[in-house]
Amino acid sequence: MKSKAQRIVASSDTVATAVAVLREGKLVALPTETVYGIAVRADSRPALQNLLRAKERADSHPFTLAFSSVERIMDIAPEFSVSARRLASRVLPGPLTMVLRAREERARRFFPQDVWELVLPNASFGARVPRDDFSLKVLESADFPIALTSANLSGRADCTSVEEVVHSLSDRISMIVDHGDSPLRKPSTVVRLREDGSTWDVLREGAISRTTLRRLAAPLILFVCSGNTCRSPLAEGIARQMLAELWGVAPEDVEELAGVFFLSAGVRASQGASATSFARRAAEKMNLDISLHFSMQVTLPLLEYADWVCVMTPEHKDALLELSPKAASKISILAEEKGGVRDPFGASQQEYDLCALEIRSALEKEWARPEFRSLIPTPQPETR
C-alpha cells in the first residue's frame, strides 16, 4: 500500500519544511487563492516526470512556473510588453497566468536543457504569482525554480479544499499544506501576450473574466487637483470629450469603444463631494456633463495603477511624489509653462469658464506629448 502524504498546517514555522521537501524533488500540494496546486522543483527532469505520473498527465502539456514576484519573472523574460507590464502591476500576485517569451540565455541559468520541453517549450512559459502568503514565502525561500500545476488528476475537477486534495492525491504526493479552502474556487485566467505589445489571447477564462481583463489591461489617465471638485473633474470630462471627438462617438461610450479610462482625484479631497455648481455650469457650456461626479482622495494604489497622471500645479506633483517617488516619470503638470492651472475655487463663474478653457488648451498640448499619445489609440476606419 502506498504511504499517505504528510499533512502540515501553513505557518511561518512550516515554510522551511515545505522547501526542504521540494528541494529533494518531491511533490507538495500548496494553497493558492484559486485552487490547490502541486509544486515541484522545475530544474529536475526526474521530479517533473514524477509530477506527470502523479497527475496521469501527458508530457505534451507544459507546466506553469510559479514566482514570488514580478521581478523574479523578469529574470527570465526581461522584455515585458506594454500589456504584460500593465497586467502584472495591477493583478499580480493574483489569479492570472501569463504566457511569455523567455530570453534563452537567461533561462539557461535556471533550467537545464533536459527540462525545456516541459517548462519552456519554444522558449515560452506560463508565469504565475499566487496570492497566498504561505506559498509566496515558499517561492521566495526556495533557491531553485518551482513548477505549479492544479492539484488534481488530469481531466478531473480542481481541488479547492485540503480534504479534496487528500481524497484525490494523498497516496501520490509527499506533503499537503493546509491553509483552508481556496477563496476564489476557480482556476487562474490564462493569457498569451502577443509580441506586438498591446494585445493578448485568452487561453482559459478563469477567476478573471474577459471583460475584467480588458479593463485591467486598459490605460488609465488620472487627473489630480486639491479637492477634486473643480479643476480635475473638468479635466477628466474634457479629456473624455476630446477622445470621443477623435473616435466620433459619444463621451459616455468612449471608454468602452476606445479602451482608455479617465479618472480624477484630489490630494486633499473629501470622499463623495459633488463638483461645484460653477464647475458644472462651466462644463455645460462646453457640452459636458459632470453632474454625476463624486470626489475621492488620491491613494498610493490609485497612483501606482495609473499610466499617466496630469496634475494642476507643481504643489500637487510634490504631494504625489511624497506618496510614491517612483511615480515621477508619469506625472505631468498641465500648463506648466504658466505655473500650472490656477484654482478658481471661490471665484466668479467667469473665472471657472476661463479655467475650463485653459484646461482644454493645456490638454491639447499634452495630447501631443509622445508619452501621452502612446496611451491614446487611433480608431480604425470601421470604428469611426
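The second largest pocket in this predicted model has a volume of about 870 Å³. A pocket here is an open set of points on a 1 Å grid over the protein atoms alone, where a 1.4 Å probe fits, with protein on both sides within 12 Å along at least five of seven lines; lining residues have an atom within 4 Å of a point. The volume is the space filled by probe spheres set on the points, which are joined across faces, edges and corners.

Some housekeeping. Residues are numbered from 1 along each chain as its sequence is written, and side-chain values use heavy atoms, without hydrogens and water. As the model is predicted, local features need pLDDT of at least 70 and side-chain atom pairs pLDDT 80 or more, while totals for chains, interfaces and linings use all residues.

Of its 38 lining residues, H61, P62, T64, T97 and V190 are the closest to the centre. Strands β5, β6 (124-128), β7, β9 and β10 each supply at least two lining residues. Strands are DSSP E runs of at least two residues and helices H or I runs of at least four, numbered from the N terminus.

Now the sheet those strands belong to. What is the strand order of the open sheet? It runs β1-β8-β2-β3-β7-β4-β6-β5-β9-β10, with mixed pairing. Two strands pair if DSSP finds at least two bridges between them. At the edges, β1 (6-9) and β10 (200-204) each pair on one side only. Strands β5 (residues 96-101) and β9 (residues 189-193) pair in the parallel sense over four bridges, and L96 has T189 as its bridge partner in β9. Helix α4 packs on the sheet, touching β5, β9 and β10, and its direction makes about 150° with that of β5. Touching means contact, heavy atoms within 4.5 Å. Angles run from 0 to 180 degrees between N-to-C directions, with axes fitted to C-alpha atoms, for helices over the stretch in contact.

Next, α4 (residues 82-91) and α9 (residues 210-217): their axes come within 8 Å and cross at roughly 105°. The two helices are therefore roughly perpendicular, a label for angles of 65 to 115 degrees. R86, L87, R90 and V91 of α4 meet L213, R215, L216 and A217 of α9.

Finally, the largest pocket, with a volume of about 1,300 Å³. Which element gives the most to its lining? That is α4, with seven residues. V82, R85, R86, S89 and D307 are the closest to the centre, out of 41 lining residues.

Definitions and conventions. Angles under 35 degrees count as roughly parallel, over 145 as roughly antiparallel, 65 to 115 as roughly perpendicular and the rest as oblique.
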